[in-house]
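Here is a short briefing to read alongside the model. Please keep the sequence and the structure in view as you go.

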Amino acid sequence: MLCGNVQHGAIVALLKEAEVNVVIAGGMGLPMHNTLVESGIRVYGGVSGDVEEVVEDFLNDCLDYDPNAANNHGGCHHQFLS
């Protein structure tokens, strides 16, 4: 996948179509972070650990995340888990 705002916009459009309103990630670049936030999707970056525990922590409003994670991300490395 190529980097850039056009591709980021396409990703966000797919997420919005799927009614996604929260993204929890280990990291992402600032352009993607901003595109998500501008579209109304809440972003929780800098998260790691077991996915089930992360989701449980989020649902219990005690997720450990770094609000500045996008500022510390270098390069463009899109990966999707299925």
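At 73% relative accessibility, D61 counts as exposed, where exposed means over 50% relative accessible area, buried under 20% and partly exposed in between, with a 1.4 Å probe and protein chains only. This is a predicted model, in which local features need pLDDT of at least 70, side-chain atom pairs count only at pLDDT 80 or more, and totals for chains, interfaces and linings use all residues. Residues are numbered from 1 along each chain as its sequence is written, and side-chain values use heavy atoms, with hydrogens and water left out.

**Overall layout**

- The protein chain holds three helices and two strands; helices (H or I, at least four residues) and strands (E, at least two) are DSSP runs, numbered from the N terminus.
- Along the sequence, these elements come in the order α-β-α-β-α.
- Of the 82 residues of the protein chain, 26% count as buried.

**Positive phi values**

- Most residues other than glycine have a negative phi.
- D61 lies in the segment after α3, and its phi is positive, near 60°, in a residue other than glycine.
- E19 is not a glycine either, and has a positive phi of about 60°.
- The loop between α1 (5-17) and β1 (22-24) is where E19 sits, and E19 is exposed, with a relative accessible area of 70%.

**The loop between α1 and β1**

- V20 is also found in the loop between α1 and β1.
- With a relative accessible area of 24%, V20 is partly exposed.
- From C-alpha to C-alpha, V20 and G40 are 9.7 Å apart in space, and 20 residues apart in sequence.

- Helix α3 spans residues 51-59 and includes E53, which is exposed at a relative accessible area of 52%.
- At the start of α3, a side-chain oxygen of D50 comes within 3.1 Å of the backbone nitrogen of E52.

Methods
A polar contact is a pair of N or O atoms within 3.5 Å; within protein, one must be able to donate a hydrogen and the other to accept it, and residues adjacent in sequence count only if both atoms are side-chain atoms.
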